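Q: Could we go through this structure together? I would like to begin with one side chain.

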Amino acid sequence: MNVFADYPSLKADEAPVQKRRYRRLGPKRRRTEIVERSVQCFAQHGLSIGVRELADLIGISPSLLYHYFSSKDALIEAVYQHLFESRWQPRWTSMLSDPKITARNRIVNFYLEYSRIVLRLAPPEIARDASRI
């Protein structure tokens with residue numbers, strides 16, 4: 001079966017380039033999408049990935065990335081906020097400082113509860129891998 005039959009002038013190794021169709025998103029949604037896709041890219045490629053490669057993997061131009069984030073460090077800060085600070089539960093502050101509970105139990109209780117929240121919000125493959133620990 002020749003998948004290029006509709007393109008008789010093309011050889012099999014010269015597939016037509018399909019132009020990406022970008023959805024128009026509002027600024028808030030676009031920023032959120034950039035952060036969420038950056039989480040995946042940083043997880044796969046590390047924080048040393050270049051801005052151009054990161055933008056390409058996300059599916060946007062570097063200039064659009066810089067429109068929303070003044071620097072790569074600003075994007076990393078937004079990723080940190082998205083992954084950690086936004087999940088902080090106010091009760092954890094009192095849980096971690098309760099003098100009636102031993103320090104060991106405070107830490108264990110905190111990390112058990114924290115990991116439940118993080119794994120519940122994590123992509124399925126991360127939650128599945130973490131359950132083997």
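Q: Is Trp88 buried, partly exposed or exposed?
A: Trp88 is partly exposed, with a relative accessible area of 39%. Buried means under 20%, exposed over 50%, and partly exposed in between, using a 1.4 Å probe and protein chains only.

Q: What kind of model is this?
A: This is a predicted model, in which local features need pLDDT of at least 70 and side-chain atom pairs count only at pLDDT 80 or more, while totals for chains, interfaces and linings use all residues. Residues are numbered from 1 along each chain as its sequence is written, and side-chain values use heavy atoms, leaving out hydrogens and water.

Q: How many aromatic pairs are there?
A: A search of the whole structure finds 7. Rings of Phe, Tyr and Trp (its six-membered ring) pair if their centres lie within 6.5 Å; planes under 30 degrees apart are stacked, over 60 edge-to-face, and the rest tilted.

Q: How are the rings of Trp88 and Trp92 arranged?
A: Their centres are 5.2 Å apart and their planes at 85 degrees, so the pair is edge-to-face.

Q: And Trp92, is that residue buried or exposed?
A: Trp92 is buried, with a relative accessible area of 0%. Trp92 also forms an edge-to-face pair with Tyr114, at 5.6 Å centre to centre and 65 degrees between the planes.

Q: How much is Tyr114 covered, buried or exposed?
A: Tyr114 is buried, at a relative accessible area of 14%.

Q: Which residues do ring pairs link into a cluster?
A: The cluster consists of Trp88, Trp92, Phe110, Tyr111 and Tyr114.
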